[in-house]
Amino acid sequence: METMSRSTGIAAVRASIAAACRDAGRDPATVTLVAVSKTFDAAAIEPVIAAGQRVFGENRVQEAKAKWPPLAARHAGLELHLVGSLQSNKAKEAVALFDAIHSVDRPSLAEALAKEIARQGRQPLLFAEINTGAEPQKAGVLPQAADGFLAACRDRYGVVISGLMCIPPADEAPAPHFALTGQIAKRNGLKLLSMGMSADFQTAIAFGATHVRVGTAIFGTRRDAAL
Ligand SMILES: *Cc1c(COP(=O)(O)O)cnc(C)c1O
């Protein structure tokens, strides 16, 4: 993709978000676009920053650690979100590097994050990931375990979870998964919903998404489609 088409990509995604918000009767200011830049290098990211984007998402701690400090030194106000799964032994690095973590999905990780948040005095925004499709290969708390997990985060680990995240099964209509995630959030008093990717962010906005995680529609197709 050329530089020109990346700024076109971000403009098109912004326009689609605005249209989806209009259709849903929502204020576009209530939807944060997380530009998922995983696998793309600084040269690919720069035009998107130049187009005014400040919130970016990565799925690997090591990749983000190598890529973002130089970009952050050149540009004020960047916000970095971890959207991929996190090993407990990387909690320290993750709390130091990220402003939000979308993938809190098990007690051991909640505990490790709580410890690092206290130690570093840094509080990234945390989302619990829900495996709405109960897919065995996928990370996330099962829907029926969500209330218990959120209670344990609050009462046992003392970690503040602000919202929920989901990735619907690739071969199913996403709407019921977004609806379920919204219901779990509502009954647990959580205000933030991280849902919607390139293929379905408009639907996610109709179901109340506050954070949409969009990669391909901004940056183009990733070389390794599995990432
Ligand atoms: C890669 C990724 C995205 C972005 O996906 P696209 O389909 O490229 O928009 C969003 N969320 C997570 C968790 C991802 O890993």
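Guide: We can begin with a definition: a nonpolar core is a set of buried Ala, Val, Leu, Ile, Met, Phe, Trp, Tyr and Cys residues joined through side-chain atoms within 4.5 Å. The general idea is that, in soluble globular proteins, nonpolar side chains tend to be buried together. In this model, which is predicted, the largest nonpolar core has 62 residues, and Phe-56 and Leu-113 are those with the most contacts inside it.

Visitor: Which helix gives the most to this core?

Guide: Helix 5, residues 107–120, gives the most, with 6 residues.

Visitor: With which residues is Phe-56 in contact, leaving aside its neighbours within four places in sequence?

Guide: Among them are Val-34, Ala-35, Trp-68, Leu-78, Leu-80 and Phe-219, together with Ile-45, Val-48 and Ile-49. Ile-45, Val-48 and Ile-49 are also among the buried residues of helix 2, residues 42–50, where Ala-44 and Pro-47 are buried as well. Just after helix 2, Gly-52 takes a positive phi of about 105°.

Visitor: How should I read such spacing along a helix?

Guide: An α-helix has 3.6 residues a turn, so residues three or four places apart point the same way.

Visitor: What radius of gyration does the protein chain have, and what would a compact globule have?

Guide: With 227 residues, a compact globule would have a radius of gyration near 17 Å, and the protein chain agrees with this because its own value is 17 Å. Of these 227 residues, 49% count as buried, while residues 24 or more positions apart account for 60% of the contacts with a separation of 6 or more.

Terms used: Residues numbered from 1 in each chain as written. Predicted model: local features only at pLDDT ≥ 70, side-chain atom pairs only at ≥ 80, totals over all residues. Heavy atoms only, no water. Rg over C-alpha atoms; globule rule 2.2 N^0.38 Å. Buried < 20%, exposed > 50% of the residue type's maximum accessible area, 1.4 Å probe, protein only. Contact = heavy atoms within 4.5 Å. Helix = DSSP H or I, 4+ residues; strand = E, 2+ residues; numbered from the N terminus.
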